[in-house]
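Biologist: Could you take me on a close look at the place where the two chains meet? I am new to this, so please go step by step.

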Amino acid sequence: MSIDLTQFQQTFFEESLEGLDDMEANLLQLEVGAVDNEQINSIFRAAHSIKGGSATFGFEQIAGFTHVLETLLDEMREGKRDVTSDSVDVLLQSVDILRSMINAIQHESTYDEERAAVIQSRLEIMLQDGMSPATVIPATHGVADVSHAGLGWNISFTPHASMMQTGNDTVRILRELEEFGELNTVVDTNNIPDFDDYIPENSYLSWQLELRTDANKSTIDDVFAWVEDECELTITPIVDIDTIGAVSSPQSESEPATNTDIKPSLTVAQTRESKAKSTKTTETASIRVGIDKVDALINMVGELVITQSMLNQFAEREEVTAAQIEQLKNGLGQLERNTRELQESVMSIRMLPISFIFSRFPRMVHDLSSKLGKQIELIMTGEGTELDKTVMEKIGDPLVHLVRNAIDHGVESPEERAEKGKSAVGKVNLNAYHQGGNIVIEIIDDGAGLDKNRLLNKAREKGLVREDDILSEEQIYQLIFTPGFSTAEIVSDVSGRGVGMDVVNKNIISLGGSIDIESKLEIGTTFRVRLPLTLAILDGQTVKVGDEVYIIPLVSIRESIQIKQDMVRQVGGDMEVFKLRDEYLPIIRLHQVFEIERAVEEFENGLLVVVEGSGRRVGLFVDELLGQQQVVIKSLDTNFKKMAGISGATILGDGSVAIIIDIPGMVNLASIQNRDVKRAIA
Amino acid sequence: MTKVLAVDDSASMRQMVSFTLKGAGYDVVEAKDGVEALGIAKTTSFNLVITDVNMPNMDGISLIRELRTLPDYKFIPMLMLTTESGTDKKTEGKAAGATGWIVKPFNPDQLLATIKRVIG
């Protein structure tokens, strides 16, 4: 029977990666306080399962690596070995190696074999070091027994009374032996008691067997392996005819029974051609959804079906009474409720707790703090706060960078902290919560804080800010997001090359989010990342341009004002700017961008919506504001093609399509225009 | 139809055992640990139990010990899935009432051959 084992591989990868996550989490907790047996046990179990699975599914390298790991863990579990911070460190690194091995197989790529070999040898050295002479595994016994393939074997077999109570059965053993050659059996029934004393669950027979075979002794041993402690067993080679006679003679009183009724009746199970296609281990994105969410969904679909059938009765009627119209209205109201609930419920399926990201931080903080010689306590709150899976995938890396930054640049060394009278252990706090339609993630450290003057000097040095520019506190802090800006005096390999913070900022903005900084010198810094809960739904402001309706994301709108023609100045050709307080803002006429006729052209009759994107502001000129509503974003890329200045489209209540304006894209359009204008002037 | 209870905390091993046995015409019920298996075994009767040893909640050896106390399971074959490093486990398992063991790693053919030793 050939079964294609590759079909189980995907499950093996998934469970192994999960096991490794558990292992890591437990290892990180081991350090704190006394060692908990259940923790060691579950770490051991994870390694043990991975070893078993990898060997079964043919991943020799993983099996080899986990074997050493498992042995080490087994000793810790049995209390033969102490759990030191050094061993935890090696174990954590082993987790990394295994993870990369599994990923490499899964994605048919490579992993760092050199590092794997180094870690494996560290594990092996550790294993030998702590080994007391007593625990040295003895060489496998029975090696000396080089049994020849002779005439066969004489077997004397007396099961203990209780042998059958472990599910073993003499008949089956005899059948198995018979497969190796010619079997002669002599049964001794002398021990069968009187009927009154007879216990049907016990075995009373003993057997003298003569097996003519060329099978060697270990094959015969294997047959009895499961019962060797539950019987008297001797196995001796057949020498010649006389010897057999000698063996039989003590049995002379008993009735010799032959084994004619024991025929091999083992039918080979029908082998089935494995129809399973050689499933390539393609990775499909999947999410785990709580059963309660699925149940709620099914429940709601059920209600929807009821509402639908209720509404259906009206379709069959030719005339409708006033009372029935009332009923119809109720039905429609119910349909609306059902739809809304269904929408919320479907959205909630994509929502995952932020602990998916937070869970990687304890390890990272552990590694980083030991690397940098800092003592850091990581406090995480609000791990259950949910956000959309797509947002989650994109926010992971920026958050990692911010946490690294807090540890590397925020929290001071223990000595420095002691000098300042702070506790040697620095605190990094990760906090997530919902606020309005947003999720807020805070990264708070109690480190040195940002030095405004130093930031400003640095920016002036680099020519990012002019000498006479006056910046607000917030604006100064935002300087750290400028490309090429880094105040770190020593560039470490952890962070501080000045690439990074600008990328963090850019990523967060591209998700429709924002990041603010609060800082107090010597007290600490708070980075506050604000993100929309989902990328599928957006709070929009509908605006009218000619006969068309457009949607501007509400988060981008700063204000809407009415301006007069004389406030607008013409710069180079057709570029219009107007002065808003101290700032000149370019004006983008949406009707020009989208070539719409019959739109308002005089500033006095329309409205200017001031929006901010990519850190710059522009004024979008529209006919009028209509209203605010939540819209479901339909991607233009998938249905049409990507267009500059447009992030997608949506379907409005009346069935018409409205374009959603991509604000950063619009701002870029304006700057291109600006550049063209400047070039034209030059 | 021969009913088999397959117990393992690893989903991939469980799938493999179950798929192999179903292919050979057995009726298989899966359980993910000893506690779940014991619950199932009390309401359904089986002709064979195959269990992993290392599992959370209740390990395979405790499961076998518990099952042997039930009248229906006194003579039912029970096999442990164990690793070669687990010599102590074999002895411990036998003492708890295990019929025998299958050493990991094994392939589907070895599994079927071993099962045929205990049920035919």
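Modeller: Happy to! Buried area is the accessible area, taken with a 1.4 Å probe, that two parts lose on being put together, summed over both. The size of an interface is often given in just this way, as the accessible area lost when the parts come together. Keep in mind that this is a predicted model. Here, chain A and chain B bury about 3600 Å² between them, and 58% of that area lies on carbon and sulfur atoms.

Now let's see who takes part. Chain A brings 39 residues to the contact, while chain B brings 42 residues. There are also specific links across the boundary: the count of salt bridges between chain A and chain B is three. For one you can find on screen, look for A:Glu176 and B:Arg117, whose side chains meet in a salt bridge at 2.9 Å, N to O.

Which parts of chain A supply its side of the interface? The elements that give two or more residues to it are helix H1 (9-30), helix H2 (37-56), helix H3 (60-77), helix H6 (170-178) and helix H7 (217-224) of chain A. Of these, H2(A) gives the most to the side that touches chain B, with nine residues. By kind, the residues on this side of chain A divide into 15 nonpolar, 13 polar and eleven charged.

Let's zoom in on one residue of helix H1 of chain A, namely A:Asn26. Is A:Asn26 buried or exposed? Its relative accessibility is 16%, and because buried means under 20%, A:Asn26 counts as buried. Leaving aside neighbours within four places in sequence, A:Asn26 is in contact with A:Gln39, A:Ser42 and A:Ile43.

What does E9(A) pair with? Strand E8 (residues 426-435) of chain A pairs with E9(A) in the antiparallel sense over eight bridges, and in this pairing A:Ala432 has A:Ile441 of E9(A) as its bridge partner. E9(A) also runs antiparallel to strand E11 (residues 524-532) of chain A, joined to it by eight bridges. There, the bridge partner of A:Ile439 is A:Leu531 in E11(A).

Terms used: Residues numbered from 1 in each chain as written. Chains lettered and ligands numbered in written order. Predicted model: local features only at pLDDT ≥ 70, side-chain atom pairs only at ≥ 80, totals over all residues. Heavy atoms only, no water. Contact = heavy atoms within 4.5 Å. Salt bridge = Lys/Arg side-chain N within 4 Å of Asp/Glu carboxyl O. Helix = DSSP H or I, 4+ residues; strand = E, 2+ residues; numbered from the N terminus. Nonpolar A, V, L, I, M, F, W, Y, C, P; charged D, E, K, R; others polar. Buried < 20%, exposed > 50% of the residue type's maximum accessible area, 1.4 Å probe, protein only. Pairing = 2+ DSSP bridges.
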